[in-house]
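Have the sequence and the 3D view open side by side. We will walk from the inside of the chain to its open spaces, and then to a few single residues.

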Amino acid sequence: MVDLNPKAPANAFQTLDDKKQPVIIFTRSMIQSAQNADELAFVMGHEAAHHVLSHIARQSENASASAAKFGDLARLRGGTDAEIEEAQKLGAKVGVQAYVQTFELEADQLGTIITYNAGYNPLVGAKYFDRIPDPADKFLSTHPPNAQRVQIVQETARQLGLTQ
């Protein structure tokens, strides 16, 4: 799908529709910011990889498990119902944050393979990272540093026999 809102920032993301079917959404700005088809294919491969790797379900499982642990700890410390609920909310956030960067790197790796198998060059596609802000500078960033992402793309492409 394409989000046609001209004010939406450059972004692509994966989600599930109301029937729990995978959906990939590109904003108009994302499409316009790509310099070539390889970049668009790489971003689409990355988002598709999130679905293949069941990242939405895994993220939900991590959040639930962490929320339960934090709630149990609050209960053991004699917390009130409200304090236990707050601990569970915090635990859910921690559970999501703990693996979110790993999921991004997993999606970059499989996305490289998907992009290559679709007939596009993931090394050219990954040049998109050269133009976007590096999330490494943000506290609790959901994305790993761009250099780390480029490295996983290069390593995976090398395993595919692709050098440029």
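What follows starts with the core, moves on to the pockets and ends in the loops.

This is a predicted model: local features need pLDDT of at least 70, side-chain atom pairs count only at pLDDT 80 or more, and totals for chains, interfaces and linings use all residues. Residues are numbered from 1 along each chain as its sequence is written, and side-chain values use heavy atoms, with hydrogens and water left out.

Begin with the largest nonpolar core. A nonpolar core is a set of buried Ala, Val, Leu, Ile, Met, Phe, Trp, Tyr and Cys residues joined through side-chain atoms within 4.5 Å. Buried means under 20% relative accessible area, exposed over 50%, and partly exposed in between (1.4 Å probe, protein chains only). The largest core has 9 residues: Phe42, Leu105, Leu123, Ala126, Phe129, Ile152, Val153, Ala157 and Leu162. Helix α6, residues 146–159, gives the most to this core, with 3 residues. Helices (H or I, at least four residues) and strands (E, at least two) are DSSP runs, numbered from the N terminus. Another core, of 6 residues, lies apart from it; Ala12, Phe26, Met30 and Val43 are among them.

Now look at the rings. Rings of Phe, Tyr and Trp (its six-membered ring) pair if their centres lie within 6.5 Å; planes under 30 degrees apart count as stacked, over 60 as edge-to-face and the rest as tilted. By this rule there is 1 aromatic pair. Phe42 and Phe129 form it, edge-to-face, at 5.9 Å centre to centre and with 80 degrees between the planes. The pair links distant parts of the chain: Phe42 sits in helix α2 and Phe129 in the loop between α5 (122–125) and α6, 87 residues apart. Both Phe42 and Phe129 are buried.

What else does Phe129 touch? Contact means heavy atoms within 4.5 Å. Not counting residues up to four places away in sequence, Phe129 touches Phe42, Asp108, Asn146, Arg149 and Val150.

His46 is in helix α2 as well. His46 counts as buried because its relative accessible area is 5%. Neighbours within four places in sequence aside, His46 is in contact with Glu104, Ala107, Asp108, Gly111 and Arg149.

Turn to the open spaces. On a 1 Å grid over the protein atoms alone, a pocket is an open set of points where a 1.4 Å probe fits, with protein on both sides within 12 Å along at least five of seven lines; lining residues have an atom within 4 Å of a point. Grid points are joined across faces, edges and corners, and a volume is the space filled by probe spheres set on the points.

The largest pocket has a volume of about 760 Å³. It is lined by 31 residues, of which Asn11, Ala12, Glu104, His143 and Arg149 lie nearest its centre. α2 gives the most to this lining, with 5 residues.

The second largest pocket holds about 170 Å³ of space. Its lining includes Leu123, Ala126, Val150 and Leu162. Here α6 gives the most, with 3 residues.

Finish in the loops. Most residues other than glycine have a negative phi. Lys20 has a positive phi of about 65 degrees although it is not a glycine. Lys20 lies in the loop between β2 and β3, and is exposed at 63% relative accessibility. Ser54, also not a glycine, has a positive phi of about 55 degrees. Ser54 is in the loop between α2 and α3, and is partly exposed, with a relative accessible area of 38%.
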